[in-house]
Amino acid sequence: MLPPPPPVLLILGTDAAGKDYVADFLVRRWQARGHSLEKRAGAFAGAAVDARSSSARKGRWGRFQERVFLTLFPLVRPLTPYLAQKLLARDQQRFRPADRPLVVVSHTALRLLAFAYGPITPPPPLSPALGQALHALQATTRATAIVLDIDPAIRQQRIAARVRQGTVDPFDQYMQADVERAERIERYLVTLAIEYLQAGVIENNHLTDDALEMALADALLQRTLPSKHPE
């Protein structure tokens, strides 16, 4: 059984990892037990969003922006550390605790770092300034983090299903185009989440709802248990 929602929960994952599904699954289960929650996307201080998937919310303008970003990304990649640091600092400065538990789906700065550094072998270390910005954001939000990990074949199947349904977006297609690159991006995001956010990892492949609830309950309990070695 799920524990009560933490004050702030961040759910991370690459495209087709099931971030929105997991977030909405948790929100529904917690609401059924009398909890009122808020869902935001892209940042701790981001705007509240509804229960639709991220693909459904984007629309034509959102997809156009994604295509422009992916086209220009090779040129702006050297600016990634600066941009990510600014996004992290901005999120930290704007974040205010909500009056109810908050579920945040994805984080633009972390996703940007994964896109930039993940495909590089080996990935370069984060600068001290970036590391400090991540630690500062975690200290401010005190977020519980969960990162979703999926098999490459599962990602390809899910994106192929989106193609058939007409809901595929440019980021999906980017991940579909190069399986190894997509896996390196995911691996880097998982590593980043564990090292800087102490995230729990869930292998979100073909889980039933019962199996997903058990995995989430275990991850949440492990993140919220008091330390055995208090300082």
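Biologist: Which element gives the most to the lining of the second largest pocket?

Modeller: That is H3, with four residues. Helices (H or I, at least four residues) and strands (E, at least two) are DSSP runs numbered from the N terminus. One caution: this is a predicted model, where local features need pLDDT of at least 70 and side-chain atom pairs pLDDT 80 or more, while totals for chains, interfaces and linings use all residues. Residues are numbered from 1 along each chain as its sequence is written, and side-chain values use heavy atoms, leaving out hydrogens and water.

Biologist: How much space lies in the second largest pocket?

Modeller: About 230 Å³, counted as the space filled by probe spheres set on the points.

Biologist: How do its lining residues divide by class?

Modeller: Five are nonpolar, four polar and three charged. Ala, Val, Leu, Ile, Met, Phe, Trp, Tyr, Cys and Pro count as nonpolar, Asp, Glu, Lys and Arg as charged, and the others, Gly among them, as polar.

Biologist: On to packing. At what angle do the axes of H3 and H4 cross?

Modeller: Roughly 165°, and the axes come within 9 Å. Those axes are lines fitted to C-alpha atoms over the stretch in contact, with angles from 0 to 180 degrees between N-to-C directions. H3 is therefore roughly antiparallel to H4; under 35 degrees is roughly parallel, over 145 roughly antiparallel, 65 to 115 roughly perpendicular and the rest oblique.

Biologist: Which residues of H3 and H4 make the contact?

Modeller: Thr80, Pro81, Leu83, Ala84, Leu87 and Leu88 of H3 meet Thr108, Ala109, Leu112, Leu113, Ala116 and Tyr117 of H4, with contact meaning heavy atoms within 4.5 Å. By class that gives 10 nonpolar, two polar and no charged residues.

Biologist: What about H4 against H8, at what angle do they pack?

Modeller: H4 (residues 108-117) and H8 (residues 179-197) pack at about 130°, with axes 8 Å apart. That makes H4 oblique to H8. Leu110, Leu113, Ala114, Phe115 and Tyr117 in H4 touch Ile185, Tyr188, Leu189, Leu192 and Leu197 in H8. This contact has 10 nonpolar residues, with no polar and no charged ones.

Biologist: And how far apart are the axes of H6 and H8?

Modeller: They are 10 Å apart, and helix H6 (residues 152-165) packs on H8 at about 110°. So H6 is roughly perpendicular to H8. Pro152, Arg155 and Gln156 of H6 contact Val179, Ala182, Glu183 and Glu186 of H8; three of these residues are nonpolar, one is polar and three are charged.

Biologist: Last topic, the backbone. Which residues does a cis peptide bond join?

Modeller: Thr121 and Pro122, with omega about -5°. Pro122 sits in the loop between H4 and helix H5 (128-141). Ala16 has a positive phi of about 75° although it is not a glycine. Ala16 lies in the loop between strand S1 (8-12) and helix H1 (19-32).

Biologist: Why mention those two?

Modeller: Because most residues other than glycine have a negative phi, and most peptide bonds are trans.

Terms used: On a 1 Å grid over the protein atoms alone, a cavity is a set of points where a 1.4 Å probe fits but cannot get out, and a pocket is an open set with protein on both sides within 12 Å along at least five of seven lines; lining residues have an atom within 4 Å of a point.
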